[in-house]
Amino acid sequence: MDGNLCPLVILSVFLLSGDLLPCSAAFLEPVDLLYDSAVRAFYGGDYESVVRYMEGALSSHGGVRRIRVRCRLRCQDQHPFHETFSDLRFFDVVLRRAACMNACIEAKLGTQSVHKVSDEVIQDFNRRIPYNYLQLAYQKLKQPEKAAAAAHTYFQANPEHVEMGQHLEQYKDLQGVEENHFVDREARPHQQSFTAAVKLYDKGDYEGAVSLFEDALVEYYKADVECRALCQGPQKFEGHDHVRYRYSLHEVVSDHFTQVLHCEHECVRDLATRPGRLSPMENYLPLHYDYLQFAYFKVNRLEEALQCALTYLLFHEGDEFMADNVDHYREILTHDSTPREEAERYLTRHQLELELLLMGSKIMGVDFTEGNYWSSTGGRDDSNRIPSGTDGWMEYVPISEKKNITVIVSQQLKEGGPLLYDSVQLVQNSVALNGTQRVLLDHVISEEECAELRDLAHAVTMAGDGYRGRMSPHTPNERFEGATVLKTLQYGYEGRVPMSSARLFYDTSERVRRIVESYFMLNSTLHFSYTHLVCRTAITGQQDHRNDLSHPIHADNCLLDPDANECWKEPPAYTYRDYSALLYLNGDFEGGEFIFTEMDAKTVTASIKPKCGRLVGFSSGGENPHGVKAVTSGQRCAVALWFTLDPLYRELERLQADEVIQALDTQSVWGQGLAINPKDEL
């Protein structure tokens, strides 16, 4: 997409070198086919085939990526845009690039459609799921050093995975496994060099740090070129049926260009985000120049120090501390310098992209807000900065030592209100559960009611209900089935289940709502946000190698970021949810304990064993990260409920269910029938 607008550096030569691609002329095998074969082999106990197919899938996945980058950059260089051209010349270049890329990619991959994979497979590779299978396969094949590398690679993107962390500790104690075996096989070179440079810097090895920081910058700009090239693929036009040509040519071109441009613009964030993290590293690219200017100062290379300091000011114009450093360097050198050209070009392009994005998003009718891509830690005081012209220099505190701690501000939260029902027994409050806004109650419903609700679940729940049809949304080792209140009422009306059982589900959920609202002493009404009768069943034959959770550690109304010790209250999280509750219907299964953790998603603060009539309730925010341990045998059933204090986010199906119950209570249902649509979307 750059054309002649913003050529940073001709880095494509690095990507076009022959050693990036396999020498063999044979086409790469499809990633999804290899991945599926590996998973099947795993559950069949054929671990040698697991290694063969999974390593092949990883190799093919990387190969497809490199080929697409190489071909797109090659064709971009072969068919450049000229400064002045007509409409025909513009589309001539576009068509020639398209033909060039198709020919180039298909020469290496064969028919491109063969290499299109599902969103689920893409997500698995992004989450590094193949390495989970690999570490178990290598473990069975008694190759602990390879298992350690696979486990370490997986854990880098899944730091909340408690069991994998335990496996890594076990590998460290195995004979023959050394520290250098714990390598990240998917490490990004620019981040790897940066991390290594910071370590040398912290040790006072400024010469070594300079070299690695410079390497990190080279790798960063190279990665930026690759990232942008990968953006030039197909785009999703939600709500835009461009195939039927209901839009003009220029509208379709504009929409596509804007989406590609947005992807390219977001490469800034992508390159600063570590695997498995939600938030980018703070002030990432400018920080390279910050570190460099001081490291160069320490080795008495003031020309380079001044240049890097000026470059930093391109990102943070007016930063008083860096401005002091610039004055200091100028005073010693007795002359001025200029910022680095690659950074100037980079920022010029970034600004031009922003202008185009604002224009394009307006045409598309969508909102676009520019993010703060170079956010810094704010005004750090002199003790955390570097040389000034009058005071010599101070000790520099690198960002690697800074802590981004979320402090939960006291909101005068209350608990301990009446439980409303005589049978209900308080087992543990927030203090006993080592947290805030947590409660554990027993005898919320009776054994008979538990049994009736379990029978109802077996009759009405559908695999994947509530999880967009995915039978195993959280782990491939369990099957999930669920049903909503409205659906059970529909079944009751149709005579497929006893209406009394459907009514029990409705009444039980209302009982839980009232208890939670009363116990936490809320001053406003608690509304249903979502109610789900759900069972999770251990899949026979897939439990011998379990090291995952039934439901990974998460928070209910924010995106948990364990590394940053933050919980980001932003979509796709259900930010409107305020309280959550789980009412258990049985305890005759193995595993399945509910756990609370710290925000690191590792430190377990409380563990709860489910049983009939037991209720756990808690506030839905980042103060209560939680998950479920693996169900290794049997079936675990519960009523899961989420509540909101905002009436705008009341559960639509619940409102419809209320109308059904009201009709039943007034007996009008017998004369008029019920208009129940179980497929109504929330």
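I looked up Asn 300 and found that this residue counts as exposed because its relative accessibility is 61%, where exposed means over 50% relative accessible area, buried under 20% and partly exposed in between, with a 1.4 Å probe and protein chains only. The model is a predicted one, in which local features need pLDDT of at least 70 and side-chain atom pairs count only at pLDDT 80 or more, while totals for chains, interfaces and linings use all residues. I note too that residues are numbered from 1 along each chain as its sequence is written, and that side-chain values use heavy atoms, with hydrogens and water left out.

I placed Asn 300 in the loop between helix 13 (284-298) and helix 14 (302-315); helices (H or I, at least four residues) and strands (E, at least two) are DSSP runs, numbered from the N terminus. Its phi is near 65°, a positive value in a residue other than glycine. Most residues other than glycine have a negative phi.

I then turned to Leu 420, which is not a glycine either and has a positive phi of about 75°. Leu 420 sits in the loop between helix 16 (341-364) and strand 1 (425-428), and it counts as partly exposed because its relative accessibility is 42%.

In strand 1 I checked Gln 428, which is partly exposed at a relative accessible area of 26%. Leaving out residues up to four places away in sequence, Gln 428 touches Leu 433, Val 439 and Leu 440, contact meaning heavy atoms within 4.5 Å. Gln 428 and Leu 440 are 12 residues apart in sequence, yet 5.1 Å apart in space from C-alpha to C-alpha.
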